[in-house]
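Let's take a walk through this protein together. Have a look at the sequence and the fold first, and then read on.

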Amino acid sequence: MARRTERPPHRPLRSLLSRHSGPDATFGTRLVLTAVVTAVVSVPFALALVLVESRWPPLHRLDRTTAERLHATALEHPGWVRFLEVLTGYVWDPVTMRLLVALLVVWLAVRRAWRLAAWATVTAVAGGLIGLLAKTVVERARPSLPDPVSHAPGFSFPSGHAMTAMTSCAVLLLVLLPMVPRAWRALPWALAVVTVVGVGYTRVALGVHWVSDVLGGWLLGLVIVTATTLVFEAWRADTGRPRTTVAEGLEPELTDPDPEPPVHAGDTHRTHDTHRTGGSGTGRTDGT
């Protein structure tokens, strides 16, 4: 009696996935993941914007109480006010922060790290433009305090100083971390945190921003850095480079003589073939 040959079970889902796998599917997956992650990171800023626009009582009290207390301290210590004005007007001024990023971009261009230079440029420019657009749309008035110790033009939410500090420090940190020995990497992290927090404090202490303005600037800056970083990571994946962590910086290869060698179509295909075949690129295994 002839033996019946059992057919493998039909698996439509696996068949569908294998039929539609490839560069287009990979790009689509990365695009969706980038959009989802960016949307999730945007939620805190959107919530802050809603609370500011609706004048949520607890947030309004926090803004008013903090502003009044810091303003009283400023009136009693004029020397402290002058020190804060030097910090916010020169050391941590948005122009200073953007000049540092511009110098970084020039250095990256000299190093021929073109894509990293493009990422830094887009992040800094997008931060400035989006922050200005948000101010114009919200049109929130700055604090009005008796005997003000400082003045600033324009609208209040989000804080441009706070947002620029967040984006600029993130750019400088994520680019330059590979150049710092691992034993010393806590130092630039600490410097970035002190700068971002210090900028926010000076703006509130001088009476030119509310606490919620500073929080909004930090959150919106984080959204922009997250979005552009995900795009840069997608480029690394397309060129066959390994994923990195925040602790490593965006491009650990920056220490190499040629950090971003040109990628040709043939190289990309070989990279994908290598991943599919376990590293040989020929589809053959040892012993065959």
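What you're looking at is a predicted model, where local features need pLDDT of at least 70 and side-chain atom pairs count only at pLDDT 80 or more, while totals for chains, interfaces and linings use all residues. Residues are numbered from 1 along each chain as its sequence is written, and side-chain values use heavy atoms, with hydrogens and water left out.

Start with the overall build. The protein has ten helices and zero strands, where helices (H or I, at least four residues) and strands (E, at least two) are DSSP runs, numbered from the N terminus. Follow the sequence and the pattern reads α-α-α-α-α-α-α-α-α-α. The protein has 288 residues, and 38% of them count as buried.

Now for the salt bridges. The term stands for a side-chain nitrogen of Lys or Arg within 4 Å of a carboxyl oxygen of Asp or Glu. A search of the whole structure turns up five of them. In one, the side chains of aspartate 63 and arginine 140 meet at 3.1 Å, N to O. This pair links distant parts of the chain, 77 residues apart: aspartate 63 sits in helix H3 (residues 57–76), and arginine 140 in the loop between H6 and H7. Are these two partners buried or exposed? Aspartate 63 counts as buried because its relative accessibility is 2%, and arginine 140 also counts as buried, at 16%.

Next, find arginine 236 and glutamate 253, whose side chains meet in a salt bridge of 2.9 Å, N to O. Here, too, the pair links distant parts of the chain: arginine 236 belongs to helix H9, glutamate 253 to the loop between H9 and helix H10 (265–277), and they are 17 residues apart. Arginine 236 has a relative accessibility of 1%, so it counts as buried. Glutamate 253, at 17%, counts as buried as well.

There's another bridge to see here, between the side chains of glutamate 251 and arginine 241 (3.4 Å, N to O). Glutamate 251 and arginine 241 each lie in the loop between H9 and H10, so their pairing ties together parts that are ten residues apart in sequence. Glutamate 251 is buried, with 1% relative accessibility, and arginine 241 is buried at 17%.

What about the empty spaces? Rolling a probe the size of a water molecule over the atoms shows where empty space is left. On a 1 Å grid over the protein atoms alone, a cavity is a set of points where a 1.4 Å probe fits but cannot get out, and a pocket is an open set with protein on both sides within 12 Å along at least five of seven lines; lining residues have an atom within 4 Å of a point.

The structure holds one cavity of 30 Å³ or more, and the largest cavity has a volume of about 50 Å³. Its lining is made by Arg98, Ala124, Gly127, Gly128, Met163, Thr164, Thr167 and Ser168. H7 gives the most to that lining, with four residues. Methionine 163, which lies in helix H7, counts as buried because its relative accessibility is 2%. Its C-alpha atom is separated by 9.6 Å from that of aspartate 213, 50 residues apart along the chain.

The largest pocket holds about 480 Å³ of space. Of its 22 lining residues, Ala170, Leu174, Trp189, Val225 and Val246 lie nearest its centre. H7, H8 and helix H9 (211–238) are the elements that give two or more residues to this lining, and H9 gives the most, with six.

Trp80, Phe83 and Tyr201 make a nonpolar surface patch of about 290 Å². Tyrosine 201 is found in helix H8 (residues 186–205). With a relative accessible area of 35%, tyrosine 201 is partly exposed. Patches are made of residues with over 30% relative accessible area and no salt bridge, where like charges are joined within 9 Å and nonpolar side chains (Val, Leu, Ile, Met, Phe, Trp, Tyr) within 5 Å.

Methods: Areas by Shrake-Rupley, 256 points an atom, 1.4 Å probe, with all protein chains shown as cover. Buried < 20%, exposed > 50% of the residue type's maximum accessible area, 1.4 Å probe, protein only. Points joined across faces, edges and corners; volume = space filled by probe spheres on them.
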